[in-house]
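Please read it alongside the sequence and the model.

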Amino acid sequence: MKECMKEYKYIILGAGIAGTSLAYFLSKSQAYEDVLLIDANTSIASEASGAAGAFLSPLLGKDNVFKNLVKNALEFSSKFYLKNMPELYFPCGVLRLPKDKQDENKFIDYEKYLDFTYKKIKNAYFFDVGALVFSSNICKALAKNTKTILGEKILNIEHKDDFWYLKGTSNFKTKNLILCTGHKLKELINEPYLDIRELWGQRIDISTSRKFEHNYHKKCSLSKTYFSKNFNQDIVSIGASHHRFTKNYGKNTFLEEQINLKKLCKNPVSYKQGLSKDLDILISRAREIAPLDDIKILDTFVGARACSIDYFPFVGEIISSKNSLEANKNIKNGLEVPKEKLKYYKNLFVFNGLGGRGFVLAPYLANILASTLTNNPLMQKNILDKHLKKHLDLDIRFFRYARKL
Ligand SMILES: Cc1cc2nc3c(=O)[nH]c(=O)nc-3n(C[C@H](O)[C@H](O)[C@H](O)COP(=O)(O)OP(=O)(O)OC[C@H]3O[C@@H](n4cnc5c(N)ncnc54)[C@H](O)[C@@H]3O)c2cc1C
């Protein structure tokens, strides 16, 4: 007899900070049985979200729309973490140190544009708003009230008779599908204008005889000293390296080194040069912030940030470029047709491209996306200002791509 497939109103694919934040806000207004969160890994936050520091820090620079997005998101997310999961959020502040003389001059230029209150300490700037969050535990806490299936890699998605069908080792059926699949976005939907680039990186947790009261950021971030239940001792997190791979130092070499280092960390290992190229870079950058002694490497984490080319995240219903171009032949000649004339994959959404600021951006944007998905007027009060919305809408990205054809 044919098994009856359970129908969901919403399926969120990917249980990183994007997917779990969305699960949190959707589950607030939906019945438990209506929302399902799926991930290929056997635990939540196993990819970029588990590797993150995760440091929350303001963006310095002249005023622009992206900086404004980070400002709004940082204000929202800090209050959100403090109210809903205070045990996983450390509002310890961050000292931003210039990297060199040129950076020092830039910081002086930026003073009049700084969005958050600060104290100047010599040539550095201390921001109270800086914080640290427990990345994996935050994602687990966000997903707590959502039905979740782990260890289920979805290989294929298909739309038929008003439903999305997801094929993995089991099959799933949903009205609305939201792809929060990080750097693997293209495995399920290959839309050329949703261009995600991988930016790999490493974070390490160490013990050291030095104690730090707050976070620092220079060429990398160094956290305040905090107590880790896992290691039953005070630790410091250092993050993160950045790699777009080249032939000389490819992804395979990097990942092999990381696997070896992870194995070594089964017994905390005293730091010496040469264990891994990436580790040496991180330690030397951290030592530019403060002299670190008696370093023991306790654990290492790697992941790939999913970065869009223009830094803005992808949030919204996905446009089919093939169908939109077929239906509007003039788009290729530079004509911008009204949004209503574009062709969408019905009820297929994306929430991705959070780059290096996932823990700042995700709760803020997930709240907005959830309110759009559920047409919830109360939540919509918090809607983006028009200028910002324009940059986040996918049609801008689609038109930009189409014009290049
Ligand atoms: C080393 C490092 C340090 C960082 N430091 C910071 C920081 O200090 N502060 C900060 O704010 N951000 C930081 N970031 C960035 C932040 O981690 C990312 O922006 C964020 O984690 C992205 O979240 P995500 O949910 O989009 O992606 P991910 O966390 O990668 O989650 C995507 C999920 O989708 C699942 N998935 C993909 N395809 C499928 C499929 N077909 N079927 C089922 N499941 C699937 C994956 O298993 C994965 O769990 C850092 C990132 C790295 C790598």
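The model is predicted, so local features need pLDDT of at least 70, side-chain atom pairs count only at pLDDT 80 or more, and totals for chains, interfaces and linings use all residues. Residues are numbered from 1 along each chain as its sequence is written, and side-chain values use heavy atoms, with hydrogens and water left out. The ligand lies between domain 1 (1-54 + 136-196 + 309-405) and domain 2 (198-307), because both give residues to the shell around it. These domain bounds come from an automatic or database domain assignment.

**Ligand site**

- The ligand is surrounded by 37 residues, and the closest are Asp39, Ser49, Phe55, Ile154 and Gly355.
- The shell is made up of 17 nonpolar, 13 polar and 7 charged residues. In this division Ala, Val, Leu, Ile, Met, Phe, Trp, Tyr, Cys and Pro are nonpolar, Asp, Glu, Lys and Arg are charged, and the others, Gly among them, are polar.
- At least two shell residues come from each of α1 (17-29), α2 (48-51), β13 (197-207), β19 (296-307) and α9 (358-374). Helices (H or I, at least four residues) and strands (E, at least two) are DSSP runs, numbered from the N terminus.
- A backbone N or O atom of Ile154 is 2.9 Å from a nitrogen atom of the ligand. A polar contact is a pair of N or O atoms within 3.5 Å; within protein, one must be able to donate a hydrogen and the other to accept it, and residues adjacent in sequence count only if both atoms are side-chain atoms.
- The protein buries 97% of the 1000 Å² that the ligand exposes when taken alone. Accessible areas come from the Shrake-Rupley method with a 1.4 Å probe, and for residues only the protein chains shown count as cover.

- Strand β7 (residues 124-127) pairs antiparallel with β5 (residues 94-96) over 3 bridges, and Arg96 is opposite Tyr125. Two strands pair if DSSP finds at least two bridges between them.
- Strand β6 (residues 118-121) is also antiparallel to β7, with 4 bridges, and Lys119 is opposite Phe126.
- The hairpin of β6 and β7 has 2 residues between the strands, and Lys122 in the turn has a positive phi of about 55°.
- In β7, Ala124 and Phe126 point one way, Tyr125 and Phe127 point the other way, and all are buried. Buried means under 20% relative accessible area, exposed over 50%, and partly exposed in between (1.4 Å probe, protein chains only).
- In a regular strand the side chains alternate between the two faces of the sheet.

**Other strand pairings**

- An open antiparallel sheet of 3 strands has the order β3-β8-β4. Its edge strands β3 (55-56) and β4 (89-90) each have a single partner strand, so one side of each lacks a neighbour in the sheet.
- Within this sheet, Leu56 has Ala131 in β8 as its bridge partner.
- Strand β21 (residues 344-352) runs parallel to β12 (residues 171-179), joined by 3 bridges, and antiparallel to β20 (residues 314-319), joined by 5 bridges.
- Facing residues in β21 are Phe349 for Ile178 and Phe351 for Val315.

**Backbone geometry and a loop contact**

- Most residues other than glycine have a negative phi, and most peptide bonds are trans.
- The Gly53 to Ala54 peptide bond is cis, with omega near -15°; Ala54 is in the loop between α2 and β3.
- The Gly239 to Ala240 peptide bond is cis, with omega near -5°; Ala240 is in the loop between β17 (233-239) and α6 (251-264).
- Asp161, which is not a glycine, has a positive phi of about 50°, and this residue is exposed, with a relative accessible area of 66%.
- Asn347 in strand β21 has a positive phi near 60° and is buried, with a relative accessible area of 18%.
- Thr225 is buried, with a relative accessible area of 12%, and its side chain reaches the backbone nitrogen of Phe212 at 2.6 Å.

How values were computed:
Near = heavy atom within 4 Å.
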